[in-house]
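This report is meant for someone meeting the structure for the first time. Please look over the sequence and the model before reading on.

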Amino acid sequence: MDCIIDLKQVVGIIMVFSVPLSLIIGLVYFYVDKTRTAIRLRSEIISGGVDSDTARLLLEETGRRHSLSFATLRLGLLLLFTGAAAVIANVAGASMLTLWLTAAIGGGAGLLIAFVIDRNSKYVENVV
């Protein structure tokens, strides 16, 4: 019985530290990717010899494309599916470990759905 209690404590500690850490890593990756894309676009504009008015329009149009709509969708679906899975597991009377695992599976399903929606919207944007 002591082994089960220790396992619950270890899983709890891992979950407490992994959520903020993954959020920080995700935000840093988003910022670095956004900065890298902006630098690449600016260097292509400079090397292409585009005049200043056209370059300004290109940079403004690209800035609008980098909205947080898909990041918001991703976070919303993650929280929705994680919460729904946790509620279902809690209503079913599952143990604490099963509750956490079910919530993790639900969060993964939410992120997978967000990925599919994001990928399909980029495909439609490139076709049009």
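Among the elements of the protein, which has the lowest mean pLDDT and which the highest? The model is a predicted one, and the lowest mean, 67, belongs to H2, while the highest, 81, belongs to helix H3, which covers residues 69–91. For the protein as a whole the mean pLDDT is 75, with 81% of the residues reaching 70 or more.

**Overall build**

The protein contains four helices and zero strands, and from the N terminus on its elements follow the order α-α-α-α. Of the 128 residues in the protein, 12% are buried. The accessible surface amounts to about 10000 Å², and carbon and sulfur atoms account for 71% of that area. When contacts between residues at least 6 apart in sequence are considered, 62% of them join residues that are at least 24 apart.

Helix H1 spans residues 2–48 and includes isoleucine 24. Together with Val28, Tyr31 and Val32, Ile24 makes a nonpolar surface patch of about 410 Å². Isoleucine 24 counts as exposed because its relative accessibility is 51%, and the cut-off for that class is over 50%.

The structure holds one salt bridge, formed by arginine 36 and aspartate 33, whose closest N and O atoms are 3.0 Å apart. Side chains of opposite charge can pair when their charged atoms come close.

**From H1 to H2**

Valine 50 sits in the loop between H1 and H2, where its relative accessibility of 34% makes it partly exposed. If its neighbours within four places in sequence are left aside, valine 50 is in contact with Ile45 and Ala55. Isoleucine 45 can also be set against arginine 56, for these two residues are 11 apart in sequence, and their C-alpha atoms are 9.9 Å apart in space. Arginine 56 belongs to helix H2, which runs over residues 52–65, and its relative accessible area of 47% places it among the partly exposed residues.

**Accessibility at a glance**

| Residue | Relative accessibility | Class |
|---|---|---|
| Isoleucine 24 | 51% | exposed |
| Valine 50 | 34% | partly exposed |
| Arginine 56 | 47% | partly exposed |

Why does arginine 56 count as partly exposed? Its relative accessible area is 47%, and the partly exposed class lies between the buried limit, under 20%, and the exposed limit, over 50%.

Note on methods: Residues numbered from 1 in each chain as written. Predicted model: local features only at pLDDT ≥ 70, side-chain atom pairs only at ≥ 80, totals over all residues. Heavy atoms only, no water. Helix = DSSP H or I, 4+ residues; strand = E, 2+ residues; numbered from the N terminus. Buried < 20%, exposed > 50% of the residue type's maximum accessible area, 1.4 Å probe, protein only. Patch = residues over 30% accessible without salt bridge, like charges linked within 9 Å, V, L, I, M, F, W, Y side chains within 5 Å. Areas by Shrake-Rupley, 256 points an atom, 1.4 Å probe, with all protein chains shown as cover. Salt bridge = Lys/Arg side-chain N within 4 Å of Asp/Glu carboxyl O. Contact = heavy atoms within 4.5 Å. pLDDT = per-residue confidence, 0-100.
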